[in-house]
Amino acid sequence: MSKVIIFGINDFAELAHYYLTNDSKHEVAAFSVNRNYLPADPTFHKLPVIAFEEITTAYPPSGFVFFAPMSPKKMNKVREYVYNEIKLKGYKMISYISSKATIFDNQIGDNCFILEDNTIQPFTTIGNNVVLWSGNHIGHHGQIHDHVMFTSHVVLSGHCVVKDYCFFGVNSSIRDGVKLAEGTLIGMGTSIIKDTEPWTAYIGNPGKKIEGKNSETMI
């Protein structure tokens with residue numbers, strides 16, 4: 001059993017606390033936020049909320065691990081920044097994989113948040129700091145790189161490659177063998193049938209690129 005510090009006190013952190021408490025061997029010990037975001041009452045779910053700037057004093061890396069289940073703001077770059085800051089302080093980071101997810105000895109990195117009813121088929125690898133919300137199909141022989149966010153009911157077919165910072169809207173679907181470039185944003189209900197371009201957004205069926213838009217400015 002690891003003693004876990006959760007970064008944040010928003011919805012994602014509250015859900016992480018629930019999942020870790022009810023569906024893992026981990027024990028949540030505290031929450032942490034940057035000093036400017038400390039609440040007037042520095043507790044959350046009856047646990048202490050500690051300024052991140054002071055966390056190593058109260059909860060040193062020798063005795064605690066971290067989990068940072070954050071939103072995809074700025075195409076996952078805010079979550080990446082926090083992830084790197086936690087690593088710089090010397091903490092190991094856990095991943096949460098729901099007991100109701102289906103996996104097959106897949107290689108999965110750290111600080112991943114994989115919720116119920118995900119199916120991750122054999123021979124697909126998942127990098128670090130990836131969020132898979134509930135109900136996705138992740139096809140075989142694929143590669144999902146770092147700092148990626150899947151919402152719900154996404155179908156990623158076999159042999160796909162997903163580069164860093166991608167975002168998948170609800171009910172989007174990706175044809176087999178497609179390569180999704182860094183920073184690709186796939187809109188809700190969008191179908192992708194060919195490779196994408198970096199830092200672009202796609203909507204429609206079949207998906208078409210939104211001209212003149214940088215995906216980083218859209219979330």
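**Close-up views of a predicted model**

**View 1. Surroundings of Ser215.** Leaving aside neighbours within four places in sequence, Ser215 is in contact (heavy atoms within 4.5 Å) with Met75, Gly183, Leu185, Trp199, Thr200 and Ala201. The model is predicted: local features need pLDDT of at least 70, side-chain atom pairs count only at pLDDT 80 or more, and totals for chains, interfaces and linings use all residues. Residues are numbered from 1 along each chain as its sequence is written, and side-chain values use heavy atoms, with hydrogens and water left out. Ser215 is buried, at a relative accessible area of 0%. Buried means under 20% relative accessible area, with a 1.4 Å probe and protein chains only. The side chain of Ser215 reaches the backbone oxygen of Gly183 at 2.5 Å. Ser215 lies in the segment after strand E22 (208-209). Strands are DSSP runs of at least two residues, numbered from the N terminus.

View 2. Eight strands make up an open sheet, in the order E6-E7-E10-E13-E16-E19-E21-E22, with mixed pairing. Strand E6 (96-97) and E22 stand at the edges; each has a single partner strand, so one side of each lacks a neighbour in the sheet. Two strands pair if DSSP finds at least two bridges between them. E21 (residues 201-203) and E22 run antiparallel, joined by two bridges. Ile203 stands opposite Lys208 in E22.

**View 3. Two cysteines without a disulfide.** The whole structure holds zero disulfides, a disulfide being a pair of cysteine sulfur atoms within 2.5 Å. For Cys160, the nearest cysteine sulfur is that of Cys166, 11 Å away. Cys160 is buried, with a relative accessible area of 0%. Cys166 is buried too, at 1%.

Key. Helix = DSSP H or I, 4+ residues; strand = E, 2+ residues; numbered from the N terminus. Buried < 20%, exposed > 50% of the residue type's maximum accessible area, 1.4 Å probe, protein only. Polar contact = N/O pair within 3.5 Å; in protein donor to acceptor, adjacent residues only side chain to side chain.
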